[in-house]
Amino acid sequence: MLIVGTFNHCTELELALSLLERNGIDKSRIMVVPMDLNRDSKSAYSPRIATDAERAFEVGMAFATAMSVIGVSIGFGLKLGPLLWGVIFAFGGFLVSFGLTIGIKRAIRRKRSRLSGKTAATYVKKTNRPELTVLIECEEERAEHVSRILWEHEAISVGRAGHG
Amino acid sequence: MEGNEQARWPRARISSNGVTHIRWINPLIVAWWSAAFPGFGHYLLNQYIRATLLTLSEVVFNTLAHINEALVYSFSGNFSLAVGVLDPRWAYGYLLVYMVAIWDSYRSSLQNNRFFQLAELENSRLKPFFLGRMEVQYLEKKSPVKAALFSAAFPGMGHLYNHRVGLAFYAIFWWWFYLTASRLHTACYLLFYGRIQASTQILHPHWLLFMPSVIGGAVYHSFTTAIEHNRLFAIEQRQYFAERYGNCSIRIFPRPR
């Protein structure tokens with residue numbers, strides 16, 4: 001009997017595997033497959049492949065800070081005062097630069113993918129894709145117990161393949 | 001840290017003060033945060049001591065030279081007032097330190113990125129847990145959004161969430177200081193009751209002008225640090241699984257005869 005579970009990296013998964021080993025599943029009957037999340041990357045955790053939203057947040061915070069310093073300064077001479085102008089400039093700066101960065105990133109990616117003939121969807125989003133696949137070989141009567149342990153420790157999905 | 005002692009380019013080290021790590025970062029982003037507040041670029045590179053000393057120097061010499069007041073006057077078009085308020089005894093020195101801090105953080109980040117590549121290639125074993133006499137520290141899965149929100153609520157709280165103990169309390173102390181010295185909360189209170197003029201008059205521009213950079217820097221630092229911690233956590237777990245379950249004997253299909 002083969003139990004297959006998909007997971008994201010988390011401490012609970014280690015707890016689940018330790019529990020299974022304690023319950024008599026030998027470690028040679030556990031297989032953990034680290035999954036790549038991007039087709040183009042050698043490592044799934046290359047920091048240069050931040051998501052578009054992460055990059056845009058980086059630029060957005062930089063602009064929000066700069067703009068709110070200017071907004072506060074100008075605001076001392078304006079009717080609404082430095083606090084409101086500081087907040088308006090901060091949010092305005094953030095939204096404009098965040099939107100522009102996302103737009104530019106997408107445009108570049110679309111152009112590149114048109115040139116290379118690939119689909120544009122690569123590394124836009126990493127969420128909800130399981131980072132690990134776990135395979136556990138066990139006797140039929142233990143299958144229920146093993147899958148329950150996986151479900152109780154943050155498994156994204158659990159499946160069974162019965163043979164022998 | 002048995003693993004790291006043999007490593008020539010370790011990725012990270014856990015101590016009672018938190019996780020100190022080598023990371024890849026865009027040098028322009030580092031230079032920008034140094035410009036926003038001298039020292040913040042160095043914080044992003046995990047150079048905590050020099051960063052802290054630079055932030056102290058920024059507050060002291062900005063105050064002596066009246067840089068923030070001059071900024072307020074310049075941005076609102078009162079250039080003669082700006083010239084008048086600056087104290088030349090301190091302003092030139094301030095400018096030199098300011099520029100060199102930007103340059104130094106930019107240069108450091110280039111070198112840092114090379115070390116990062118070496119560390120990735122060496123792929124030395126990370127250790128996930130530190131048990132000291134006074135502190136417990138570990139790699140764990142973090143939420144970058146939570147880290148950013150905590151820092152936005154009160155700078156330092158995001159660092160506390162990231163277990164960066166020293167910086168967290170340093171930031172909390174300074175935020176309290178800026179809050180009281182600028183009278184920000186009193187001004188907010190007046191603003192809520194529609195007394196805009198009274199609110200503007202009670203504010204202290206010099207101390208208020210530090211605050212956007214501090215809160216922006218704190219939000220960005222804790223956001224990006226949480227992402228890095230997640231990366232380290234995943235790397236360490238992959239290393240561990242490869243060691244423990246690498247010799248797996250599962251055969252999904254029977255061996256061909």
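View 1. Chain A comprises domain 1 (2–37 + 130–161) and domain 2 (52–116), with bounds that come from an automatic or database domain assignment. The centres of domain 1 of chain A and domain 2 of chain A, taken over C-alpha atoms, are separated by 44 Å. The model is predicted: local features need pLDDT of at least 70, side-chain atom pairs count only at pLDDT 80 or more, and totals for chains, interfaces and linings use all residues. Residues are numbered from 1 along each chain as its sequence is written, while chains are lettered from A in the order in which they are written.

**View 2. The side of chain A that touches chain B.** The contact (C-beta atoms, placed from the backbone, within 7 Å) takes 38 residues from chain A and 42 residues from chain B. On chain A, β2 (30–34), α2 (52–75), α3 (81–116) and β3 (132–137) each supply at least two residues; helices (H or I, at least four residues) and strands (E, at least two) are DSSP runs, numbered from the N terminus. The most is given by α2(A), with 13 residues.

**View 3. The loop residue H66(B).** H66(B) lies in the loop between α4 (48–65) and α5 (67–75) of chain B. Its phi is positive, about 60 degrees, although H66(B) is not a glycine. Most residues other than glycine have a negative phi. H66(B) is partly exposed, because 19 other C-beta atoms lie within 10 Å (buried: 20 or more; exposed: 12 or fewer; partly exposed: in between; C-beta atoms placed from the backbone).

**View 4. The loop residue H163(B).** The loop between α9 (157–161) and α10 (165–182) of chain B holds H163(B). Phi of H163(B) is near 65 degrees, a positive value. H163(B) is buried, because 21 other C-beta atoms lie within 10 Å.

Note on methods
Contact = placed C-beta atoms within 7 Å.
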